[in-house]
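Hi there,

Here is the structure I promised to pass on. Have a look at it first, and then read my notes below.

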Amino acid sequence: MFAEVLPTAAQQPRLVAFNDELAGVLGLDSAALRGSAVEYLSGNQLLPGAHPIAQAYAGHQFGSFNPGLGDGRALLLGEIVDPHGRRFDIGLKGSGRTPFSRGGDGRATIAPVLREYLMGEAMHALGIPTTRALAAVVTSDVVMRRRPEPGAILTRIASSHLRVGTFQYFAARQQSEQVARLIGYALARHGVVAGIDGDVDPSATPALQLLQSVVARQARLVAQWMAVGFVHGVMNTDNCTISGETIDYGPCAFVEPYDLNAVFSSIDESGRYAFGNQPGVAGWNMARLAEALLPQISDDSDRAVALATAAVETYRPEFERAYLSELRRKLGLVSQRDGDQALADDWLAMLGDHRVDLTQAWRLLSFVHSADGLDGDDTQVRGLFSEPSIADGWLSRYVQRCAMEPTPGRRAAMLATNPLFIARNEHVETALDAAVQGDYAPFERLLAVLSDPFTEQPGDADLATPSQPRFLQTFRTFCGT
């Protein structure tokens with residue numbers, strides 16, 4: 001299931017970012033790691049107990065199956081158990097070639113490494129399950145991408161690196177024993193999760209329990225992406241985790257003007273992974289996982305297909321339930337009423353029709369409410385539209401709906417749900433461009449506000465401003481390879 005590989009030596013590694021908060025969560029000695037462990041964080045020396053491996057996996061890439069992928073520039077150093085008994089992977093990304101590199105150099109450059117660092121921390125602060133960065137190291141190695149760029153290595157933390165593609169790799173080779181071992185390991189590591197229909201059936205085979213759990217996790221994850229406007233950019237099955245965490249921040253971005261057709265990835269020419277396509281793609285990925293697990297679900301092929309189909313078909317209602325729950329929270333609604341779906345849908349449609357900034361719209365909607373009631377100020381949210389009266393009809397419906405459940409502190413709850421700061425694309429690119437030139441101050445400033453996205457921060461208001469329209473017209477992201 002893996003190849004044993006040692007990291008390639010990095011030249012003159014230097015620590016440029018270290019996540020003290022995450023180190024504390026993991027129970028690591030932050031001061032020691034900051035002070036002397038750059039050799040460990042670059043792969044030049046192995047951490048005590050490390051046994052580096054490159055994991056094998058397959059994957060559907062833009063809909064086409066590739067049976068042999070694997071970690072081409074990543075190494076799993078080992079696992080750590082935090083003070084609460086939770087198990088995490090510690091790995092390097094950009095640490096050199098592996099048997100799965102397929103002709104690539106196995107390296108990473110500073111801009112994609114710091115993008116992943118920023119995005120992971122931004123998503124974590126928004127409460128969205130994600131892998132995270134422990135450290136970023138820059139080296140004197142020169143790596144060729146669109147131009148020569150400084151080499152870099154990311155230290156990544158995840159609850160595991162098991163992917164849909166991990167199961168596909170062995171299923172494609174009809175290695176049923178390995179698939180069964182993976183199922184047992186995944187369940188032991190991540191447990192089972194109740195779906196929309198209630199608890200997982202304890203009489204179901206382990207494979208079916210795993211499928212039901214992963215479907216529920218992915219539905220809830222993508223609902224959270226859609227609520228904040230996150231676009232993953234490359235939702236191949238090898239980038240779809242069993243744990244339900246966001247992984248592999250390559251050509252990712254946030255939508256600014258609300259647009260379901262938004263595509264930022266330079267390689268997504270067909271728009272397969274457009275913002276609004278993400279819920280459907282995740283369901284498609286779940287069907288691919290089901291195919292890989294069929295022989296383990298039941299010895300009777302017809303029964304296996306029926307059970308797997310039923311499990312996959314829970315994805316859409318689970319997503320819709322989770323997404324509406326996210327939207328209710330953002331609207332400041334506590335109870336469930338029949339018209340809530342239409343109210344949320346009409347709000348988003350109005351934002352899309354008039355290309356209104358999604359994050360600003362949600363944030364300013366909070367001020368429709370005063371600290372204790374409904375007599376707040378709707379001037380700011382109305383001012384987002386070219387003609388303020390455009391929003392009047394919907395705002396009237398919204399105020400009437402809120403009046404059905406008077407909720408003290410609604411504004412405060414909404415301000416703690418709707419962020420002021422997201423990783424806006426122009427600010428991210430400005431910070432990364434500066435880092436390529438050796439200036440990390442813009443990165444550090446942006447990281448600080450993204451780590452506390454709901455709080456107004458004096459002196460940093462400019463980082464809440466939308467990207468300029470002319471920037472967004474040509475903005476594209478790249479996968480880093």
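**What turned up**

Phenylalanine 264 and phenylalanine 475 are both buried. Do keep in mind that this is a predicted model. The two rings form a tilted aromatic pair, with 5.7 Å from centre to centre and 55° between the planes. What I like here is how the pair links distant parts of the chain: phenylalanine 264 is in the loop between β12 (253-254) and α8 (278-297), while phenylalanine 475 is in the segment after α18 (469-474), 211 residues apart.

Now try tryptophan 394 and tyrosine 398. This aromatic pair is stacked, at 5.1 Å centre to centre and 10° between the planes. Both residues belong to helix α14 (residues 392-403), and they are four residues apart, about one turn of the helix. A handy bit of background: an α-helix has 3.6 residues a turn, so residues three or four places apart point the same way.

Trp225, Phe230, Tyr249 and Phe254 make up one aromatic cluster.

Next, the inside. In soluble globular proteins, nonpolar side chains tend to be buried together. The largest nonpolar core here has 128 residues, and Phe167, Leu211, Leu293, Trp347 and Leu365 have the most contacts inside it. Which helix gives the most to this core? That is α7 (residues 206-228), with 14 residues.

Last, follow helix α8. Of its 20 residues, 14 are buried, so the helix is mostly covered. At 1.5 Å a residue, α8 should span 28 Å, and its end C-alpha atoms are 27 Å apart, which agrees. Even so, α8 bends by about 40° at glutamate 291, and proline 295 follows within four residues.

Terms used: Residues are numbered from 1 along each chain as its sequence is written. This is a predicted model: local features need pLDDT of at least 70, side-chain atom pairs count only at pLDDT 80 or more; totals for chains, interfaces and linings use all residues. Side-chain values use heavy atoms; hydrogens and water are left out. Rings of Phe, Tyr and Trp (its six-membered ring) pair if their centres lie within 6.5 Å; planes under 30 degrees apart count as stacked, over 60 as edge-to-face and the rest as tilted. Helices (H or I, at least four residues) and strands (E, at least two) are DSSP runs, numbered from the N terminus. Buried means under 20% relative accessible area, exposed over 50%, partly exposed in between (1.4 Å probe, protein chains only). A nonpolar core is a set of buried Ala, Val, Leu, Ile, Met, Phe, Trp, Tyr and Cys residues joined through side-chain atoms within 4.5 Å. The expected span of a helix is 1.5 Å times one less than its number of residues. The bend at a residue is the angle between axes fitted to the seven residues ending there and the seven starting there.
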